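Here is a protein model to read together.

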Amino acid sequence: MRPLLRTAARPLRRAVLMRLSSTGALWTKLNELGARPGAINMGQGFPDFAGSAVARDAAKAALDVPALNQYAPINGLAELRDEIRNFYERSYGSTYDDDEVVVTTSGQEALVAALKACFTEERRGVVVMEPFYPFLAPAIAAAGGVMQPARLGHGFVLDEAALDAAADATTACAVLNTPHNPTGRVFSATEIDAFASFCERQNIYAVADEVYEHAVFPGRTHHRLADRLRDRTISLSSAGKLFSLTGWRVGWALAPRDLALKVSNAHTALTYSAPTPLQKGVAEALKAEDGSFDGVPFTFHRNAEMLAAALNARGLDVFPPEGGYFLCANCHEPAMGFVEKLAFDTGVVCTPLSVFYATPPAEDTWVRFTICKSAAHVDRACEALAPDAWLNKS
Ligand SMILES: Cc1ncc(COP(=O)(O)O)c(C=O)c1O
C-alpha cells in the first residue's frame, strides 16, 4: 500500500500556500496538518504521556479535602510557596523569602503579570530576542507593552550590540528565555553576564523565562539570571513544563519583594489565584523531586539525538539543542514548502522557524521539531523520516 499522505499532495499544497496570509492562518494550517490521519505531530510542544504520578496522586487526594476545592491565597498555597523556595535553595543555592514568591495560573500568566510589574507610564518597551516563543507577542500586547526585537547572532548566540540597538528611553525590561524556545540554546555564563550588563547599562528590569530549567542536556549548565542580577530580575517557571503537566496551568514568579508585590497585584487582576488542588499536587511533586524529573529530560535528550540522526540522513543540518523541548534544523529550501512536503511525504509535521520572528528572516530555510514526546513517538517519526521508509509501507 502506498503511503496515504502522498496521494493528495500537489493540489492541497498549492491551495495551502494561497491561504497562508497570516501567522494565525499558518498555525491553523499546521494544526490541520498535525490532525491528518497518520500524521506524526512533531510541531507542538506538549508531552504525549501523563506527567508526574506524585503530582497526580496528590491532586486526586486533594479533591476530597473540602478546603482545597476553594480559592487558594492570592500568592499561592503556603505549602507550595514553601516547596518552591526549598526547590530553588536545593537546586541552585538561591534563597527567597516567602513574600518573594507568587504562584500564578500558568507560566503564560506569570509572563503577563511580570511584564505589567515592570511597566510605568513612560516605559512600556520590551526587548526580546528573536527568534522567540510565539505567545510572548500576545503576552506583551495583553500587558499593554511594545515589543522591541533584537535578533540572536549566527549560531543563535546572544548579540549584546543588537540588544543595545533595540533598547531606547521607552524600554522597561528585557526578556531572557533559557533554555530557549525555539532554538534549544542554554545560554552560557558569559552570555548571561552580557545580558545582565545590558540591563544594568540600560537601567531596565529583566524577565527571566526559565520554564524549561529542568531540561538541560549533558555538558550544559542552567545559569539563573537572578543569581547574577537579583535586584532587577523576575524569574518565571512552570509546573506544566517541570512535571509534564502542561494542562494544569500552574506556574510562578520569583522576584525581590517590591517587584513581587507588583506581580501579585497584576496576578490578582488577571486570575486572582491558581487552581487549589493542582497547587497541592505540584507542592508534593516539588517535595519529592530528586533532580531527575522522572528521567524525562534524559528521554528528551535521547529523542534529540535520534531525531538529529534521522534528519541528517535526510540532508538537513541540525542545530544540536543544549536543552528544552525543541530542535531546529536547516532544510536548505523555503521552509513552509518543506513543512508541507514533509507532512505529505512522511506524515511528520514540523514548524517553519519564521513564525518565531517578528519579521521573517532573509534565510527562511529553518524548521523546528519538538523533542518533548515519548521515545516511541519520536522513534515512529524517525522511521517515517528514513529516506527509504516508503519501501516498508509498500
Ligand atoms: C518559553 C516559554 N515560556 C512560557 C511558556 C508558557 O508556559 P505555560 O505552559 O506554563 O503557560 C511556554 C510554553 O510553551 C514557553 O515555551
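The dialogue below goes from the whole chain to single residues.

Q: What kind of model is this, and how are residues numbered?
A: This is a predicted model; local features need pLDDT of at least 70, side-chain atom pairs count only at pLDDT 80 or more, and totals for chains, interfaces and linings use all residues. Residues are numbered from 1 along each chain as its sequence is written.

Q: How many helices and strands does the chain have?
A: Helices (H or I, at least four residues) and strands (E, at least two) are DSSP runs, numbered from the N terminus. The chain has 16 helices and 13 strands.

Q: Why does the radius of gyration agree with a compact globule?
A: The radius is taken over C-alpha atoms, and the globule rule is 2.2 Å times the number of residues to the power 0.38. For 394 residues the rule gives a value near 21 Å; the chain has 21 Å, so the two agree. Along its principal axes, the C-alpha trace spans about 60 × 55 × 40 Å.

Q: Which domains make up the chain?
A: Domain bounds come from an automatic or database domain assignment. Domain 1 covers 4–49 + 294–393, and domain 2 covers 53–288. Their centres, taken over C-alpha atoms, are 28 Å apart. Contact means that C-beta atoms, placed from the backbone, lie within 7 Å. Here 22 residues from domain 1 and 24 residues from domain 2 take part.

Q: Which elements give two or more residues to the side of domain 1 that touches domain 2?
A: They are helix 13 (296–313) and strand 10 (326–330). Helix 13 gives the largest share, four residues. By type, that side of domain 1 has 17 nonpolar, three polar and two charged residues. The classes are simple: Ala, Val, Leu, Ile, Met, Phe, Trp, Tyr, Cys and Pro are nonpolar, Asp, Glu, Lys and Arg are charged, and the others, Gly among them, are polar.

Q: How many residues surround the ligand?
A: A residue is near a molecule if its C-beta atom, placed from the backbone, lies within 6 Å of it. The count here is 14, and the closest are S106, G107, Q108, Y133 and S238. Helix 6 (residues 107–118) gives the largest share of this shell, three residues. The shell holds three nonpolar, 10 polar and one charged.

Q: Is G93 buried or exposed, and why?
A: A residue is buried if 20 or more other C-beta atoms lie within 10 Å of its own, exposed if 12 or fewer, and partly exposed in between; these atoms are placed from the backbone. G93 is exposed because it has 9 such neighbours. D193, in helix 9 (residues 189–202), has 17 and is therefore partly exposed. Across the chain, 51% of the 394 residues count as buried.

Q: What is the phi of Y272?
A: Most residues other than glycine have a negative phi. Y272 has a positive one, near 70°. Y272 lies in the loop between helix 11 (257–270) and helix 12 (276–288).

Notes. Two residues are in contact if their C-beta atoms, placed from the backbone, lie within 7 Å.
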